[in-house]
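The tour begins at a helix and the elements packed around it, then moves to a sheet.

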Amino acid sequence: MTDHGVKSAKVQTAAAATCCKSQTDQNAHSCGCGKSSNGESGFENAAIGSPNGHVHTSFLIEDPPARGKLFYASQTGTSLRLAQKLHAKCLACNIPMDLVSPASYEPEDLVKEKLVVIVASTWQDGQAPGHAAFFAQWLEESSKDFRVGSGLLRDCKFGVFGVGSRAYGSYFNAVAKLMDQQLASLGALRILASGEADVDEDTIEESFEFWSNDFLSKVLGQSPLSIMQQLPIQNLNLKDTLNGVSKERVLGHLGDDSEDGDEKEEDLEETVVDLEDVAGPLKLIEAKEASKKGIVRKWMPKMVIKSDSQSKGGPVLNSNSSQNVGKAKEMVTPIIRANLEKQGYKIIGSHSGVKLCRWTKSQLRGRGGCYKHSFYGIESHRCMETTPSLACANKCVFCWRHHSNPVGKTWQWKMDDPIDIVNAALDQHKNMIKQMKGVPGVKEERLQEGLLPRHCALSLVGEPIMYPEINNLVHELHKRHISTFLVTNAQFPERITSLAPVTQLYVSVDAATKERLKAIDRPLFQDFWERFLDSLRALKEKRQRTVYRLTLVKGWNTEELQSYAQLLELGEPDFIEIKGVTYCGTSATSSLTMENVPWHEDVKVFAEALASETNGVYELACEHAHSCCVLLANAARFKIHKQWHTWIDYEQFHWLVASGKSFSSEDYMMPTPSWATYGAAEGGFDPQETRVKKERRHGALADSGGCT
């Protein structure tokens, strides 16, 4: 609706209101204003939408309904937060609205509602969050029940906004899309087209800002820009985006639509702006100013700002424009960067990261090394923990970063040079080591050694094997005599096949059955199980050291020993690491509690039972009680004259790599010290270190802080 149209509609409405006041008849009259003489809203008589998805915008609502209902279906809190923002806007605009959890609402009461708004997220397999499950089920069943009829909600107007992840393909915003269709099929009328946002992008706030302002414009009969002009400054998302620009300039532009009345429609038909530059109304202003000068900014995905006549009073996000250019985006967006840096990560370039492991700090102080020190002989104070890809193809329930990293099924981001990544990672790691100088207990000799890393755990977070240049990165590390311990989540079998030799290659085996793996890993791929099995088969073909890594979660994956034994036959790994899950505090994305964390004795019982299932192929080799970790090893390969050889001859490994000759895991093994073996009195603690026991404070949130 143009400004002229809005003004005309306001005049007509004012005239209608006067007409209503002059009526003596208490019944509905025929003056055309759609309002009864008792002052009740004519909102219910406006033809706004239709079940087929069409939205009518040629209407004006004189008064909002008595009270609308704003529902939120939220799993991690994002949809709730957005709903709260819209609720505050409604109150600021004098629109009576109740913020409601579907869990506390009787769906049968929808027939009484006049205005319904839903902000919904999508959870596993396209399902609604648990607290909204019954509400969603009622909508589904009612929309399919011919006895209910298509006019059940004919007096209700609605709008739906969805929050999801495009990485899940067809499940993206499935809940919101279904609810939108189901409400329409029950006769409710759409106020505006459903909106959507991707949690893996930095555009949620902007997408919702435009959609919510469009919603308010439909209810109040004003343009979105006029709505923004009326809202308090805190509701405009301008606090962090003004950058020295005056509020008067912003609000002046927001209220200056009429000056554009003489412009041709095509002048603002498609003003394309960089989504990463979008930060609320200020960027809208800049976009409009740029369009007047003939400037078009391109990025992918695009945001198309349409003219008022096209969008009926508001800018429209369009991330699927046919004109999208193929410019790669950065993996680490500002929001992701802020979240990871808050957790202690040092971000490298656009997709890599490094962090100082707590075991590195521990061995710098002579207080013991990690389980890799006990099992494989690494020097923990000389180990760098990093990843060339912060993205992952899973959203595991025990993710110790609470899913603050990006996700994806293919590499779709800008790519940094592997040499630059290695150089930057080493620089950042060394800087963090230097910061340990002066910390009580840090040994000067170890501090100097720590400045020369000799091991790299490519397992910090994400999926390192996704990085297209992973082989060149590994080669660069080996050139510097830095060993490589690479972990993959078993979703990219072809990448395992093409991977160059690494010191030790891990595959995460988080469950033994398809159903359990899906529940624990929450994979993005629909063919996750086939990919998982193919990854194990690919592991079998690798000649260097290979490991199955099992993370035990009580109540989730500690059963089905026979199934685990069958998986061992697929990949025939050299070793099996069995580790208890680390509890990292409460998270909206995970239902795990301390009850799911096994004790070291629990891990030992499981390990002994699994070894028994293999009929002697794998035996109990090492343990690290502090980490609740046990190592099973292939006895035929690594038990020589009754002595375990699980440690690594790192110099021999680097010589073998440099030689270019074919070699196997047996070519660079070393004897395991007795203190590291299973059942030893030391429990895997190096007797040359000083044991320091801390008093645990279980009330605080935990951070595993160690290599995975």
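Select helix α22 and the elements that cover its buried residues: α12 (371-376), β12 (455-458), α15 (470-479), β13 (483-488) and β21 (647-648) are among them. Contact here means heavy atoms within 4.5 Å. Helices (H or I, at least four residues) and strands (E, at least two) are DSSP runs, numbered from the N terminus.

This is a predicted model: local features need pLDDT of at least 70, side-chain atom pairs count only at pLDDT 80 or more, and totals for chains, interfaces and linings use all residues. Residues are numbered from 1 along each chain as its sequence is written, and side-chain values use heavy atoms, without hydrogens and water.

Now colour α22 (residues 650-659) by burial. Tyr650, Phe653, His654 and Leu656 are buried (under 20% relative accessible area, 1.4 Å probe, protein chains only). They lie on the same side of α22 because their arc around the axis is only 160 degrees, taken from the directions from the helix axis to the C-beta atoms. Turn to the other side: Glu651, Trp655 and Ala658 are exposed (over 50%). Step on to Gly660, which follows α22 and has a positive phi near 75 degrees.

Next, select the open, mixed sheet of ten strands, ordered β9-β10-β11-β12-β13-β14-β15-β16-β18-β17. Strands pair if DSSP finds at least two bridges between them.

Zoom in on β9: β10 (residues 352-355) pairs with β9 in the antiparallel sense over three bridges. Lys346 stands opposite Val354 in β10.
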